[in-house]
Amino acid sequence: MKAKVKVGNRLIGNGEPVYIIAEIGINHNGSLELAKKLIDAAIFCGCDAVKFQKRTPELCVPKDQWNIERETPWGRITYLEYRHKVEFGFEEYFEIDSYCKQRGIDWFASPWDEEAVSFLEKFKPIAYKIPSAALTDFELLKKIKSTGRPIMLSTGMSTLEEINDAVNFLGKENLLLAQATSTYPCKVEELNLRVIQTYKEMFPEIPIGYSGHETGLAPTLAAVALGATFVERHITLDRAMWGTDQAASVEIVGLQRLVKDIRDIEKALGDGSKKVYESEIPSIKKLRRVKKDNILA
């Protein structure tokens, strides 16, 4: 069975080009100008989509953390105030929506609460990404499922039992599943990329992908070689910038290389059918002592 889901104008799944998502998240630090630069960078590097995160701070921040103060680029403010500083409202998302359409790149977001889903629905996103932290939030899953849009489910910090429960609740149609480990940045020994193969065996009708939070590019490339049909990496203009996700993000030069290498891996994997290529014939003539006349038959 070929597991495929249509997201926007693209099919994601076995036999299709890897769908590459540049996760902007909140790395824009509340700046629309910076968000546009990150969108431009994703387009320049050849990504298929950019993704944001949308929260209603009063619903997502536990009340006992509201008034905890922290140092930020806006001075020493409470955690709740900080969460508001990095959230885009309607005007900013209207501009993002228009800009992405103008530039010809898909965009969507991870909603962290039900109000965020209602907010994002105003823009008719091509899909929703359920963050790992929300995998057990069935009220949120219910709200997202009710939109009828394709769903990417990230599986960090989750047991197989929890993942099965979420998959059974959401249904396997229009669902994509991503292996992830929710540590930022993540140690390579905790990435557990072979879970991609485990998921492929467990859920043959669901496209399987990878959401990476490691430093470096090699594990993401290995995920593609293991069969990931979509990949997501956080992107940044500078990993030294202020923000919780910057250190686990890929800078633009690295993103450009990542996309190129993914496309090369796709070509190199081939179709699995052993054959002798025309380019090998000179080597046969030159190097093989015992030759068969029907080598290309």
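Which residues in H5 meet which residues in H6? I started my notebook there. Glu-114, Val-117 and Ser-118 in H5 meet Glu-139, Leu-140, Lys-143 and Ile-144 in H6. Contact here means heavy atoms within 4.5 Å.

**Ground rules**

I noted that this is a predicted model, where local features need pLDDT of at least 70, side-chain atom pairs count only at pLDDT 80 or more, and totals for chains, interfaces and linings use all residues. Residues are numbered from 1 along each chain as its sequence is written, and side-chain values use heavy atoms, with hydrogens and water left out. Helices (H or I, at least four residues) and strands (E, at least two) are DSSP runs, numbered from the N terminus.

**Entry: H5 and H6**

I stayed with this pair. Two packed helices are described by the angle between their axes and the distance between the axes. Axes are lines fitted to C-alpha atoms, for helices over the stretch in contact, and angles run from 0 to 180 degrees between N-to-C directions. The axes of H5 (residues 114-121) and H6 (residues 138-146) come within 9 Å and cross at roughly 15°. That makes H5 roughly parallel to H6. I wrote down the scale: under 35 degrees is roughly parallel, over 145 roughly antiparallel, 65 to 115 roughly perpendicular, and the rest oblique. The crossing of H5 and H6 is right-handed. A crossing gets that label if the near helix is turned clockwise from the far one by less than a right angle, and left-handed if anticlockwise. By class, the H5 contact with H6 has three nonpolar, one polar and three charged residues. Ala, Val, Leu, Ile, Met, Phe, Trp, Tyr, Cys and Pro count as nonpolar, Asp, Glu, Lys and Arg as charged, and the others, Gly among them, as polar.

**Entry: H1 and H4**

Next I looked up H1 (residues 32-45) and H4 (residues 90-103), whose axes come within 11 Å and cross at roughly 25°. H1 and H4 are therefore roughly parallel to each other. Their crossing is right-handed. From H1, Leu-32, Lys-36, Ile-39, Asp-40 and Ile-43 meet Glu-92, Glu-95, Ile-96, Tyr-99, Cys-100 and Arg-103 of H4. I found six nonpolar, no polar and five charged residues in this contact.

**Entry: H9 and H10**

How close do the axes of H9 and H10 come, and at what angle do they cross? For H9 (residues 218-225) and H10 (residues 252-269), the axes come within 10 Å and cross at roughly 30°. That makes H9 roughly parallel to H10. H9 passes H10 in a right-handed crossing. Thr-220, Leu-221, Val-224 and Ala-225 of H9 meet Leu-258, Asp-261, Ile-262, Ile-265 and Leu-269 of H10. The classes here are seven nonpolar, one polar and one charged.

**Entry: pockets**

I then turned to open space. On a 1 Å grid over the protein atoms alone, a pocket is an open set of points where a 1.4 Å probe fits, with protein on both sides within 12 Å along at least five of seven lines; lining residues have an atom within 4 Å of a point. Grid points are joined across faces, edges and corners, and a volume is the space filled by probe spheres set on the points.

The largest pocket holds about 510 Å³. It has 29 lining residues, and Gln-53, Arg-55, Trp-112, Tyr-184 and Asp-245 are the closest to its centre. Strand E4 (49-54), helix H3 (79-85) and strand E12 (230-234) each give two or more residues to this lining. H3 gives the most, with three. I noted eleven nonpolar, ten polar and eight charged residues in the lining.

The second largest pocket holds about 230 Å³. Of its 13 lining residues, Gly-13, Gly-15, Glu-16, Val-18 and Leu-269 lie nearest the centre.

**Entry: backbone**

The peptide bond from Tyr-184 to Pro-185 is cis, with omega near -10°. Pro-185 is in the loop between strand E10 (175-179) and helix H8 (195-202).
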